[in-house]
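Let's take a walk through this structure together. Have the sequence and the 3D view ready, and follow along as we go.

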Number of protein chains: 2
Amino acid sequence: MALIVKKFGGSSVATPEKIFNIVNRVLRDKQPDDRIVVVVSAMGDTTDDLVRLAKEVTSMPYGREMDRLLSTGEQVTIALMALAFQAKGHAAVSMTGEQAGIATSDTFGKARILDIEPKRVLDALEAGNIVVVAGFQGMTEAGDITTLGRGGSDTTAVALAGAMKADVCEIFTDVDGVYSTDPRVAPGAVKLKEITYGEMLEMARLGAGVMQPRAVEMGHRYGVPIHVRSTFSDEEGTIIREEYTMKANQYAITGVADDTNVAKVSLVGVENVPGVAHQVFQALANKSIDVDMIVQSIRTTDDKRTDIVFTITRDDVNLAKQVLEELGQSMSIEECVINENMAKVSIIGAGMLGQPGVAAKMFGILSDEGVNIEIISTSEISISCLIGEEHIKTAVRAIHDKLILDGRG
Amino acid sequence: MALIVKKFGGSSVATPEKIFNIVNRVLRDKQPDDRIVVVVSAMGDTTDDLVRLAKEVTSMPYGREMDRLLSTGEQVTIALMALAFQAKGHAAVSMTGEQAGIATSDTFGKARILDIEPKRVLDALEAGNIVVVAGFQGMTEAGDITTLGRGGSDTTAVALAGAMKADVCEIFTDVDGVYSTDPRVAPGAVKLKEITYGEMLEMARLGAGVMQPRAVEMGHRYGVPIHVRSTFSDEEGTIIREEYTMKANQYAITGVADDTNVAKVSLVGVENVPGVAHQVFQALANKSIDVDMIVQSIRTTDDKRTDIVFTITRDDVNLAKQVLEELGQSMSIEECVINENMAKVSIIGAGMLGQPGVAAKMFGILSDEGVNIEIISTSEISISCLIGEEHIKTAVRAIHDKLILDGRG
């Protein structure tokens with residue numbers, strides 16, 4: 001007897017027919033004693049359609065009212081799916097985020113789950129129902145509907161699974177698992193049987209798009225295994241969990257990630273006095289501009305001046321220009337150069353810790369391919385190199401094939 | 001400083017542009033100190049579209065899940081309208097039936113309002129908001145969304161106005177008020193300035209379609225005036241209230257109603273023993289068949305047999321045939337004849353009470369037109385005649401022009 005949370009995204013439930021297919025699959029896979037919770041998103045393009053409607057009445061499509069509007073999409077899906085389960089002869093009830101006990105902050109549009117009190121869900125399961133829960137939404141203490149932002153349904157599913165101490169949370173997607181790198185870039189990419197929360201978070205942070213980091217964090221916090229698998233096949237996917245259960249699944253390097261949403265900002269000839277870096281990065285933080293890699297280098301010939309080089313996402317380039325222009329009025333900067341044709345290649349693996357040679361190998365491979373490294377940054381379980389965007393595919397392929405495939409024989 | 005509830009139906013809010021028009025009108029008409037609650041239905045054909053979706057996954061589109069599905073329509077409208085008010089610079093919040101404190105029975109699809117606790121609405125008004133409330137829905141004690149059935153948004157508006165002790169509940173429709181009869185049938189029909197709850201209920205019961213009876217009952221119960229008026233003009237419409245405020249607005253006869261959704265059932269030669277009528281009507285009631293006019297006549301030549309004649313709606317004819325066939329096996333009925341080509345013409349007026357000559361006048365007018373009366377029934381404030389459907393327009397016109405227009409000089 002297992003307690004399983006299954007999450008299906010918008011493209012899996014885009015039409016009544018597709019909803020019926022999901023219902024058939026869930027019923028086929030269900031063991032007699034299994035207790036099943038299904039978390040769903042809005043059907044297909046519903047959310048985009050609602051945003052379009054809102055833009056016809058307001059230039060400010062956000063806040064409390066916008067969250068209410070968007071939350072209707074999932075309510076339609078849960079009602080239809082519960083009706084479909086009933087039509088197939090299985091007891092089912094639908095629940096909104098509120099009814100499932102999901103309490104959130106009141107930061108509309110990107111609310112954070114504060115607490116989950118899944119009593120109603122558990123009671124309904126006990127009574128023999130399949131419970132269909134609206135993803136992507138919750139309720140504030142004041143009783144207002146909120147939405148959780150991008151990837152919110154994944155977060156709902158994992159958090160609910162955690163709060164109910166489910167055996168597993170299955171995330172059904174259009175890919176069949178987590179790969180060692182993007183198979184479209186490196187055809188040799190292999191599907192991972194297991195990966196740790198930490199590695200998955202680092203993969204997501206460094207550019208791999210399968211799972212939203214917040215959902216992985218929820219899994220980590222509650223210790224619930226997340227099974228990423230395909231909507232379209234029965235094959236096993238990838239299990240994200242605390243630690244590898246099989247030594248055979250663990251390698252020094254788990255994956256290679258690439259990120260092309262990167263711009264390099266070089267502040268050349270900045271006055272080298274205490275507090276300069278703080279001043280720069282505080283100004284950027286004030287505008288919510290995320291800074292990733294940072295290098296500050298002292299010129300040997302002129303120690304009165306320093307160069308500060310860092311990376312931001314390309315989406316933030318215009319905003320950053322404004323901030324830096326203003327900053328140029330209160331501090332001395334010789335030149336500010338922004339290069340948008342950059343990319344970041346990273347290797348991730350909890351097993352790297354004890355193997356200092358890995359970094360050297362990575363740099364060697366890039367050098368062999370004639371790729372210049374502009375910035376290097378490392379974390380406990382990752383190494384990232386900033387390179388020219390034109391080299392990114394070559395770099396991913398070479399690093400993946402020589403470091404991952406060779407390592408697995 | 002007035003507290004006003006305004007209700008707009010689905011066709012008035014069918015597009016974002018129409019929603020904007022309503023918002024402009026509400027803001028234009030608002031006095032600085034007015035507190036405004038707007039109750040809205042789902043946009044245009046949304047409800048029909050949702051029903052169609054449901055029918056693609058189930059042959060049983062009703063119950064808890066169906067109510068949840070349908071209730072999303074109004075949630076979309078309230079969110080868009082609140083956003084539109086905000087875009088015009090006025091503070092506004094939307095509320096679901098639940099948030100507006102509307103507690104209902106759990107008879108899904110046609111729930112009854114049990115109680116209203118409008119504290120959140122009053123607080124939001126106090127804080128300077130226009131409050132936009134979802135019509136047609138409420139919440140059970142167990143926390144499940146319900147819908148109120150046909151005309152539910154009118155009921156929401158009037159009940160909410162009553163619970164808040166509003167000064168008036170304005171119902172905006174595609175007609176500009178309540179008429180003395182259907183203007184398409186009798187071009188001389190006049191718009192009524194006032195009408196009592198009792199007369200309006202009787203008009204609705206007898207076939208006039210402007211307001212759902214449940215909404216009028218709510219107005220009656222709470223004593224809140226209901227102003228029926230046009231979405232498309234600024235003209236005053238008709239005020240439904242407890243008593244006439246101006247003698248000049250009250251006549252012996254307020255209106256003429258016609259109803260063609262009528263079938264006559266004749267049970268000929270029924271055994272004349274005690275309990276026969278009870279048996280017949282109990283069997284019909286068991287299948288929720290509403291019986292309207294009833295005549296039982298004792299034959300003078302054979303007092304062992306009686307004829308029972310009554311009317312039902314045409315929608316119930318097939319069901320009634322089944323019931324009567326079954327009944328024919330346990331009791332003796334010589335013949336059962338159902339005539340679907342019948343219609344009912346009625347006159348309504350609280351002022352008729354003291355004027356016994358009115359009935360005779362009505363029968364005389366029908367006789368002059370060569371119309372045969374098959375059944376007559378009366379209530380305190382109405383007289384109805386069952387006639388052949390082919391005569392209904394002539395009858396309405398003649399009665400209206402001779403009894404109402406002549407009476408008003």
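**Starting at the end of a helix**

Helix H7 of chain B is followed by B:Gly223, whose phi is positive, near 70°. Helices here are DSSP runs of H or I with at least four residues, strands are runs of E with at least two, and both are numbered from the N terminus. Before going on, a word on what you're looking at: this is a predicted model, where local features need pLDDT of at least 70 and side-chain atom pairs count only at pLDDT 80 or more, while totals for chains, interfaces and linings use all residues. Residues are numbered from 1 along each chain as its sequence is written, and chains are lettered from A and ligands numbered from 1 in the order in which they are written.

Back to H7(B), which spans residues 213–222. Its residues B:Arg214, B:Ala215, B:Val216, B:Met218, B:Gly219 and B:His220 are buried. Buried is a matter of counting: 20 or more other C-beta atoms within 10 Å of a residue's own make it buried, 12 or fewer make it exposed, and anything in between is partly exposed, with C-beta atoms placed from the backbone. What covers the buried residues of H7(B) includes H5, strand S9 (168–173), helix H6 (197–205), strand S11 (226–230) and strand S12 (238–241) of chain B.

Now look at H5 of chain B, residues 152–163, where B:Gly162 sits. B:Gly162 counts as buried because it has 22 C-beta neighbours inside 10 Å. Its C-alpha atom is 6.9 Å from that of B:Gly223, although 61 residues separate the two along the chain. Setting aside neighbours within four places in sequence, B:Gly162 is in contact (C-beta atoms, placed from the backbone, within 7 Å) with B:Met218, B:Gly219, B:Arg221, B:Tyr222 and B:Val224.

Let's zoom out to chain A. It has 11 helices and 18 strands, and 47% of its 409 residues count as buried. Its C-alpha atoms fill a box of roughly 80 × 55 × 30 Å along the principal axes. Among its contacts between residues at least 6 apart in sequence, 74% join residues at least 24 apart.

Some of those strands pair up, which takes at least two DSSP bridges between them. S13(A) (residues 255–271) and S16(A) (residues 333–348) run antiparallel over 12 bridges, with A:Val256 partnered by A:Ile347. S16(A) also pairs in the antiparallel sense with S18(A) (residues 382–388), over 7 bridges; there, A:Ser346 stands opposite A:Ser384.

How do the two chains fit together? A rotation of 180° with 0.0 Å of shift along its axis superposes chain A on chain B, with an RMSD of 0.1 Å. The two copies are thus related as by a two-fold rotation axis. Of chain A's residues, A:Thr72 comes closest to the axis, at 2.8 Å (C-alpha).

Where they meet, 30 residues of chain A are in contact with 29 residues of chain B. The largest share of chain A's side, 15 residues, comes from H3(A). And 97% of the interface residues of chain A are also interface residues in chain B, so the copies meet through the same surface.

Key
Least-squares fit on C-alpha atoms with pLDDT ≥ 70 in both.
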